Amino acid sequence: MAFLEVNNIKKSFGRTEVLKNISFSLEKGEVLAIIGSSGSGKTTLLRCINFLEAPQKGIISVGGEVLFDGDDPSKKKEKEIRKNRLHFGMVFQQFNLFPQYTVFENLILAPQLMAKEQIKANGEYMEAKTYKEAQEKIRAEADRLLKKVGLTEKKDSYPCDLSGGQQQRVAIARALALNPDVLCFDEPTSALDPELTGEVLNVIKGLKSTDSTMIVVTHEIGFARDVADKIIFMDNGVIEEEGTPQEVIENPKSRRTREFLSRFNQFGD
């Protein structure tokens, strides 16, 4: 069994079927890029995987644990959904940082809340037995992540004092702070000026390792080609084509994939 299994996911809004039996799998440490035209279902798929949207059908499992089963009512309860979201980190198009908190405070807020809950329920958090000990671990991890995304010097700054690229790098660090099994990106550079795109893409490239499983919805075809282990091209709610970057981008079999990629090739991507 693969680390992440997504099987036969269906999602409709009213009478509009947005996702039609979507299935794929990822091994731990693999990077999947999802490409396709606007309205093809890419973001909806990512939101279903993160439990920000509820699929009508299908099964989602991580590490052999079934997190969602469309035929099992117990897997649809709000308490279960909140717990299952912790398996995933999400970086949105817009940065969604808390403007009233500093960069450092943005990173430690969610882990602090989780530490209180887990110590009360289980007696420990990150092997810490007390909240004070957990605080020390959380703050040390936040410092490590800020260094990883190259923003140590912005620790005490507020989001309004940062560039768009810097805000997105903070958002990436914040998603990593909860140590998710799968890190997801929804068009992470779409809100950025072109000159800031590279710094965010370089951070994402730097996260690629045997321990970091990632799904990236992107329009950056060159980035997808260089970083992804697998690529999915979506069209009209289905996976039109999937495979390695060489298969999907360099030698696409589907006419729709070729039409889509030809628009990027016109601009030299």
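**Entry 1: strands β6 and β7**

I looked up how β6 and strand β7 (residues 182–186) pair, and found the parallel sense over 4 bridges. I took two strands as paired if DSSP finds at least two bridges between them. Helices (H or I, at least four residues) and strands (E, at least two) are DSSP runs, numbered from the N terminus. F88 stands opposite V182 in β7. I then noted helix α5 (residues 164–176), which packs on the sheet and touches β6 and β7. The direction of α5 makes about 170 degrees with that of β6. Contact means heavy atoms within 4.5 Å. Axes are lines fitted to C-alpha atoms, for helices over the stretch in contact, and angles run from 0 to 180 degrees between N-to-C directions.

**Entry 2: basis of the entries**

The model is predicted, and I kept to its limits: local features need pLDDT of at least 70, side-chain atom pairs count only at pLDDT 80 or more, and totals for chains, interfaces and linings use all residues. Residues are numbered from 1 along each chain as its sequence is written, and side-chain values use heavy atoms, with hydrogens and water left out.

**Entry 3: the open sheet**

I traced an open sheet of 6 strands in the order β6-β7-β8-β3-β9-β10, with mixed pairing. β6 (88–91) and β10 (238–243) stand at the edges with a single partner strand each, so one side of each is left without a neighbour in the sheet. Neighbouring strands of this sheet are turned against each other by 20 degrees on average, direction ignored.

**Entry 4: helices α5 and α6**

I examined the packing of α5 against helix α6 (residues 194–207): the angle is about 20 degrees and the axes are 8 Å apart. That makes α5 roughly parallel to α6; angles under 35 degrees count as roughly parallel, over 145 as roughly antiparallel, 65 to 115 as roughly perpendicular and the rest as oblique. The crossing of α5 and α6 is right-handed, meaning that the near helix is turned clockwise from the far one by less than a right angle. On the α5 side I listed G164, G165, Q166, Q168, R169, I172 and L176. The α6 side of the contact consists of L196, E199, V200, V203, I204 and L207. By class, the contact of α5 with α6 has 7 nonpolar, 4 polar and 2 charged residues. Ala, Val, Leu, Ile, Met, Phe, Trp, Tyr, Cys and Pro count as nonpolar, Asp, Glu, Lys and Arg as charged, and the others, Gly among them, as polar.

**Entry 5: strands β1, β4 and β5**

I found strand β1 (residues 4–13) running antiparallel to strand β4 (residues 57–62), joined by 5 bridges. K10 stands opposite K57 in β4. β4 also pairs with strand β5 (residues 65–69), in the antiparallel sense over 4 bridges, and V62 stands opposite E65 in β5. β4 and β5 form a hairpin with 2 residues between them, and G63 in the turn has a positive phi of about 60 degrees.

**Entry 6: single residues**

I located N50 in the loop between α1 and β4. N50 is buried, with a relative accessible area of 3%; buried means under 20%, exposed over 50% and partly exposed in between (1.4 Å probe, protein chains only). Not counting residues up to four places away in sequence, N50 touches R85, F88, G89, M90 and C184.

K147 lies in helix α4 (residues 131–148) and counts as exposed at 66% relative accessibility. K147 and A173 are 26 residues apart in sequence and 9.4 Å apart in space, C-alpha to C-alpha.
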